Amino acid sequence: MQAQLQKNLVLTDPGSFSMIVLPDPQSYVKFDYNQPLFELMTAWIVQQAGPLQIKAVLCTGDLVEQNDLLIPDGINGNQTSREQWEASSKAFQRLDHKVPYMVATGNHDYGYRKAENHSTHFPAYFYVERNSVWKKHLIDVCNNVEGKPTLENAAYEFQTDTWGNLLIISLEFAPRDEALHWAKELCMQEKYREHRVILLTHSYLEADGTRIQEEPKYLIHPANYGEAIWEKLIYPVSNIRLLICGHRCNLGSFEENVSFREERNIAGKSISQMMFNAQTAGGGYHGNGGDGWLRILEFMPDGKTIRVKTYSPLFGILPTTQSYAWRTDPYDEFEIIIEK
């Protein structure tokens, strides 16, 4: 059994490459004793970078539980915000100079506890110079609410033999109109018009697959949520092909923390939209952070098929738990067809 499970960690086709989706990591860093689990996930990515031909890592945001908290309550975390940011940064440090990673900012990365305003410590910890691999791929950024260029809104280009040119754009939580306009104009530039675009943002899909209309509990303003992002950016831009988000979570089954939908844009092209979160999987909001679940996206050499698999390095590391390391229900293991 162990040999077979290890064999499953290779690509199903030697001509494929992959990308890894990291779901919201906030609960791994709000408790100091959960931090090693998040570092295990990023360490596993480095170990598998060659066998899985990993081109990029995509994180759905909420890097911390509270952006600017000085006194933790010990119930919803026992670390200050500085300690949380340092823990999250340390986990990603394992990828620096080895693998490019794109990070969307989430609601918990702004304000004091959850998006009371646009203030964030994200630029202080995630800046261009920290990962030399970004220099090969980063092609543009958008100014944040303070008018400063940061990685809160950033675009990365990848050139492949089988999929042609790809553009990955990460957007801030509840992106402002300025950020959506920047992304739209970038996608429509002549030199990127034939690229297939992957959009990464935090808040977009509900657990039932409908788009989020509004979130009045967050005071951050101006803001655009799922439906507005679709109407202002995704629907009218012909080369956006895939949307990845996180954010939504429930105290329930795995199925209640993932969703997927497909529909066509203004050019009649199918747009795949995928939500993946796992922060309650390891014992709820005060559990271990998510049992190490991540997603492997295998880009097949046919240039149109992505095979999605859900895996946990936490369970996969021990022979006694390896039989639990894969989630294989239809909502966790499926194929996406990305049109050219």
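The crossing of helices α6 and α7 is right-handed, a term used where the near helix is turned clockwise from the far one by less than a right angle, left-handed being the anticlockwise case. The axes of α6 (residues 177-188) and α7 (residues 226-234) come within 9 Å and cross at roughly 40°; axes are lines fitted to C-alpha atoms, for helices over the stretch in contact, with angles from 0 to 180 degrees between N-to-C directions. Helices (H or I, at least four residues) and strands (E, at least two) are DSSP runs numbered from the N terminus. On the α6 side the contact (heavy atoms within 4.5 Å) is made by D177, L180, A183 and K184, and on the α7 side by I229, K232 and L233. By class, this contact has 4 nonpolar, no polar and 3 charged residues. Ala, Val, Leu, Ile, Met, Phe, Trp, Tyr, Cys and Pro count as nonpolar, Asp, Glu, Lys and Arg as charged, and the others, Gly among them, as polar.

The model is predicted, with pLDDT of at least 70 required for local features and 80 or more for side-chain atom pairs, whereas totals for chains, interfaces and linings use all residues. Residues are numbered from 1 along each chain as its sequence is written, and side-chain values use heavy atoms, without hydrogens or water.

Helix α7 is largely enclosed by the rest of the structure, because 7 of its 9 residues are buried. Buried denotes under 20% relative accessible area, exposed over 50%, and partly exposed the range in between (1.4 Å probe, protein chains only). The buried residues of α7 are G226, E227, A228, I229, W230, L233 and I234. These buried residues pack against α6, β7, β8 (240-245), β9 (258-264) and β10.

The loop between β7 (196-200) and α7 contains P222, and the peptide bond from H221 to P222 is cis, with omega near 0°. Both H221 and P222 line the second largest pocket, together with Q213, E214, E215, P216, Y218, I220, A223 and Y225. This pocket has a volume of about 160 Å³, and its lining divides into 6 nonpolar, 2 polar and 2 charged residues. A pocket is an open set of points on a 1 Å grid over the protein atoms alone, where a 1.4 Å probe fits, with protein on both sides within 12 Å along at least five of seven lines; lining residues have an atom within 4 Å of a point. Grid points are joined across faces, edges and corners, and a volume is the space filled by probe spheres set on the points.

The largest pocket has a volume of about 310 Å³. Its lining comprises 19 residues, of which Q26, H108, Y218, Q279 and Y285 lie nearest the centre. By class, 3 of the lining residues are nonpolar, 8 polar and 8 charged.

Q53 is found in the loop between α3 (35-48) and β2 (54-59) and is partly exposed, with a relative accessible area of 42%. D291, in the loop between β10 (270-276) and β11 (294-299), is buried, with a relative accessible area of 13%.

G50 also lies in the loop between α3 and β2 and is partly exposed, at 40% relative accessible area. G50 and V10 are 40 residues apart in sequence and 9.6 Å apart in space, C-alpha to C-alpha.
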